[in-house]
Amino acid sequence: MHYPIARLHDRITRFGFYLGGVTLCGIVACFWIEVVARYFFNAPTLWSSSLVAYFLCIAVSLSIPELARTNGHIAITVLPERLSPDNRQRYDRVVSLAAGGVCIVAAWILIQETLRQFGGGTTTALGLDIPKYWVSSFICYAFINTSLYFLRHALFPGIPHDGNEKQEA
């Protein structure tokens with residue numbers, strides 16, 4: 001059985017994850033430029049530390065949904081490991097449903113704040129002044145997409161995730 005919407009969702013998330021890795025490369029480049037400018041030319045940059053902060057936020061925001069997709073987040077598994085397979089599945093679904101609900105509430109709050117920032121023209125307070133909603137929109141994406149994965153895990157546990165398809169007999 002094929003799930004084209006789920007597969008598209010997984011591919012978009014995987015692309016975002018790789019883009020998050022590219023932003024980590026941007027962080028390394030900013031640090032290199034800063035070190036060279038500061039110690040070899042005695043002319044530190046005014047923008048590199050700001051860009052590193054923005055890139056870090058973007059990298060984390062683009063990576064969180066992939067962790068939810070693959071269940072790659074840190075978990076304390078003492079209780080679930082002691083449960084029977086049926087109870088373990090119920091436990092996992094309840095935890096995923098609760099996590100999805102929390103992420104939806106957080107996303108709603110973040111969307112409201114991002115729209116307020118957009119309407120008010122709020123800018124960041126770091127050395128490189130940019131509209132704050134640019135950064136906030138990535139955080140919104142993270143919580144919306146993560147909530148979708150938790151809800152997928154809770155409500156549709158049989159839907160395979162791209163790259164993790166189960167072989168049908």
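**Aromatic cluster and surface patch**

Tutor: Ring pairs link F118, Y133 and W134 into a cluster. The model is predicted, with local features requiring pLDDT of at least 70 and side-chain atom pairs pLDDT 80 or more, while totals for chains, interfaces and linings use all residues. Residues are numbered from 1 along each chain as its sequence is written, and side-chain values use heavy atoms, leaving out hydrogens and water.

Student: How many aromatic pairs are there by this rule?

Tutor: The count comes to three aromatic pairs. Rings of Phe, Tyr and Trp (its six-membered ring) pair if their centres lie within 6.5 Å; planes under 30 degrees apart are stacked, over 60 edge-to-face, and the rest tilted. F118 and Y133 are edge-to-face, at 4.9 Å centre to centre and 80° between the planes.

Student: Which helices does that pair link?

Tutor: F118 is in helix α4 and Y133 in helix α5 (residues 132-155), 15 residues apart. Helices are DSSP runs (H or I, at least four residues), numbered from the N terminus.

Student: Why is the pair of Y133 and W134 edge-to-face?

Tutor: Their ring centres are 6.5 Å apart and their planes at 85°, so the pair is edge-to-face.

Student: Is F118 buried or exposed?

Tutor: F118 counts as exposed, at 53% relative accessibility. Buried means under 20% relative accessible area, exposed over 50%, and partly exposed in between (1.4 Å probe, protein chains only). Y133, at 24%, counts as partly exposed.

Student: Where does L83 lie?

Tutor: L83 lies in the loop between α3 (78-82) and α4 (85-120). With a relative accessible area of 28%, L83 is partly exposed.

Definitions and conventions
Helices (H or I, at least four residues) and strands (E, at least two) are DSSP runs, numbered from the N terminus.
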